[in-house]
Amino acid sequence: MAELFQARVLRNSEVCPGIFNLVLEEVRLAALAQPGQFLNIRVSAANSPLLRRPLSIHWVEEGRVEILFQVVGQGTEILARVRTGEMLDVQGPLGRGFDPDPGDRTPVLVGGGIGIAPLGFLAQHLEGRKVLALLGARNREVLGCSGGTRLDGLGVAIRAATDDGSLGQQGLVTELLSEVPANGLIYACGPGPMLRAVARYALEKGIRCQVSLEEHMGCGVGACLGCMCRGLSAAGESVYKRVCADGPVFDAREVDWR
Amino acid sequence: MKSGEVNLSVNLGGLELRNPVTTCSGTYGFGEEYAPYADPAQLGAIAVKGLTREVRQGNPMPRLAETPSGMLNSIGLQNPGIDEFEARYLPELRKLDTKVLANIAGNSVEDYAYVSSRLEEAGGIAGIEVNISCPNVKHGGIQFGTDPKMAAQVTRAVRENTMLPVIVKLSPNVTDITEIARAVVDAGADAVSLINTILGMAIDIRSRRPVLANILGGLSGPAVKPVALRMVWQVSQAVKVPVLGMGGILTATDAIEFMLAGATAVAVGTGNFVNPRAPLEIVAGIEEYCRANGIREVKELIGAAWL
């Protein structure tokens with residue numbers, strides 16, 4: 001169950017150009033959070049920007065909740081200026097996260113760019129298992145600071161693809177998908193085209209796959225119907241689903257990829 | 001009542017509300033979504049998502065655009081239809097210790113009549129808010145809200161099909177809102193609510209296209225407050241029925257302004273997205289304001305700014 005918190009900022013640091021690691025001290029939020037869920041953060045007490053910003057949970061440790069965010073607009077620009085000791089109005093944890101129990105399947109994390117971030121928290125829950133991660137980013141630095149370094153620290157086996165070839169092979173992360181074992185369970189987060197390619201591959205090969213979708217949100221709790229994605233009903237019809245409340249994590253089979 | 005206590009109750013066209021704070025249709029889902037933050041039992045009423053006779057998928061995405069101190073939406077009345085509403089949502093709503101306002105919309109006068117009679121029979125609804133002002137659907141909606149004759153026809157159809165209090169939700173997208181207000185009151189409305197969203201749009205300079213798939217959308221949030229306040233001021237003095245005021249209310253100060261302008265009760269809409277506890281904080285803030293100003297009955301605020 002989500003709540004409203006006044007969370008103390010323990011640290012907010014630029015881990016590489018344009019990407020920030022925001023660390024909140026909030027024991028109860030840390031206890032409630034599940035991998036794949038998000039926080040809805042009010043970035044300004046003034047009325048502009050008006051809406052909260054939904055940001056995925058990157059890491060949870062000892063009563064601290066960490067976010068990794070990329071500065072992309074007015075909201076994240078303001079959030080980038082938040083300093084240690086300030087209090088942030090945080091709503092969460094929200095949404096349906098990953099099903100973190102892969103059973104006897106081999107968990108495979110597939111992340112692109114800042115989409116790697118929520119896979120960190122998931123990997124914490126998978127600790128002790130053999131986990132494979134296929135990660136893609138612009139370059140080595142972005143891949144590492146978007147969560148790659150943390151996954152590496154947990155002992156996750158990483159295969160990388162970068163735009164400039166500075167880490168792993170040059171190209172897209174989707175070119176690494178053949179490394180997913182037949183008994184794998186894919187957990188994917190990243191840009192839309194990446195998710196679509198990953199889901200299509202998984203569906204074609206009969207591999208289980210969960211995807212974390214992203215959308216601009218109004219309320220973040222399922223009330224306003226502003227952040228819809230095309231899903232499939234039980235009967236196979238194309239229907240709108242709420243990214244914030246029915247997701248953000250969906251089984252690839254629940255999404256209409258057409 | 002003990003000394004120092006403030007009587008917050010108001011009567012909105014036959015609806016006895018324990019306090020004047022309610023929520024706007026379309027921003028509060030079916031009551032479950034905000035339950036973790038604000039106990040409905042502490043609110044005067046809640047209005048649930050606009051209902052139609054049939055299931056509606058709503059408009060294509062994108063449906064939202066954030067704007068300065070506001071937002072545009074073009075949801076397009078996505079809703080499960082009256083059958084599923086009765087089967088799935090109404091039983092849960094009946095359990096809430098608050099007044100539930102059903103908001104209804106339709107393609108035709110008959111649709112409004114049908115949904116009203118269904119709600120009347122179903123029970124568990126305290127009042128019907130008639131949406132004749134949705135800017136985001138091609139048929140019905142705003143076209144009923146901009147023509148006084150059509151607005152009256154819809155109101156009459158609802159009136160004839162229910163004993164429940166009928167609140168007609170007015171569009172601000174008209175030259176003279178008092179004309180429509182008079183028409184619906186003459187046709188039997190017990191109260192009017194205003195404003196619905198103001199028609200607007202946003203353009204993306206990178207794609208050089210409108211942001212919303214529907215091109216036009218409804219503006220809400222603090223940006224619309226002065227317009228809403230003006231219209232509440234005008235309508236509340238033009239008609240004899242109570243006004244449910246809404247449009248950019250985020251704080252108790254906003255709510256008190258609406259009451260002073262002539263609103264009998266207020267509704268929080270987009271404000272819920274910003275602060276899910278806003279309705280509760282507004283109840284507390286109104287009470288505090290009354291106490292600080294020696295006001296025993298919140299009703300004394302209604303229209304107190306009239307000259």
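How many bridges join strand β4 of chain B to β7(B), and do the two run parallel or antiparallel? I looked this up in the predicted model. Three bridges link β4 (residues 45–47) of chain B to β7(B), and the two strands run parallel.

**Entry: surroundings of β7(B).** I noted Leu101(B) in β7(B) as the bridge partner of Ala47(B). I then looked at β8 (residues 127–131) of chain B, which pairs with β7(B) over four bridges, again in the parallel sense. Here Ala102(B) stands opposite Ile128(B) of β8(B).

I next checked burial. Six of the six residues of β7 (residues 99–104) of chain B are buried, so the strand is largely enclosed by the rest of the structure. Lys99(B), Leu101(B) and Asn103(B) point one way from the strand, while Val100(B), Ala102(B) and Ile104(B) point the other way.

**Entry: sheet of chain A.** I traced an open, mixed sheet of seven strands in the order β11-β10-β9-β8-β12-β13-β16 (chain A). Its edge strands are β11 (169–170) and β16 (249–251) of chain A. Helix α5 (residues 192–205) of chain A packs on this sheet, touching β8, β12 and β13 of chain A, and its direction makes about 165° with that of β13(A).

**Entry: contact between the chains.** I found 29 residues of chain B in contact with 23 residues of chain A. On the chain B side, β5 (64–67), β6 (70–73) and α8 (271–274) each give two or more residues. The residues of that side comprise 14 nonpolar, 11 polar and four charged.

Notes. Residues are numbered from 1 along each chain as its sequence is written. Chains are lettered from A and ligands numbered from 1 in the order in which they are written. This is a predicted model: local features need pLDDT of at least 70, side-chain atom pairs count only at pLDDT 80 or more; totals for chains, interfaces and linings use all residues. Two residues are in contact if their C-beta atoms, placed from the backbone, lie within 7 Å. Ala, Val, Leu, Ile, Met, Phe, Trp, Tyr, Cys and Pro count as nonpolar, Asp, Glu, Lys and Arg as charged, and the others, Gly among them, as polar. Two strands pair if DSSP finds at least two bridges between them. Axes are lines fitted to C-alpha atoms, for helices over the stretch in contact, and angles run from 0 to 180 degrees between N-to-C directions. A residue is buried if 20 or more other C-beta atoms lie within 10 Å of its own, exposed if 12 or fewer, and partly exposed in between; C-beta atoms are placed from the backbone.
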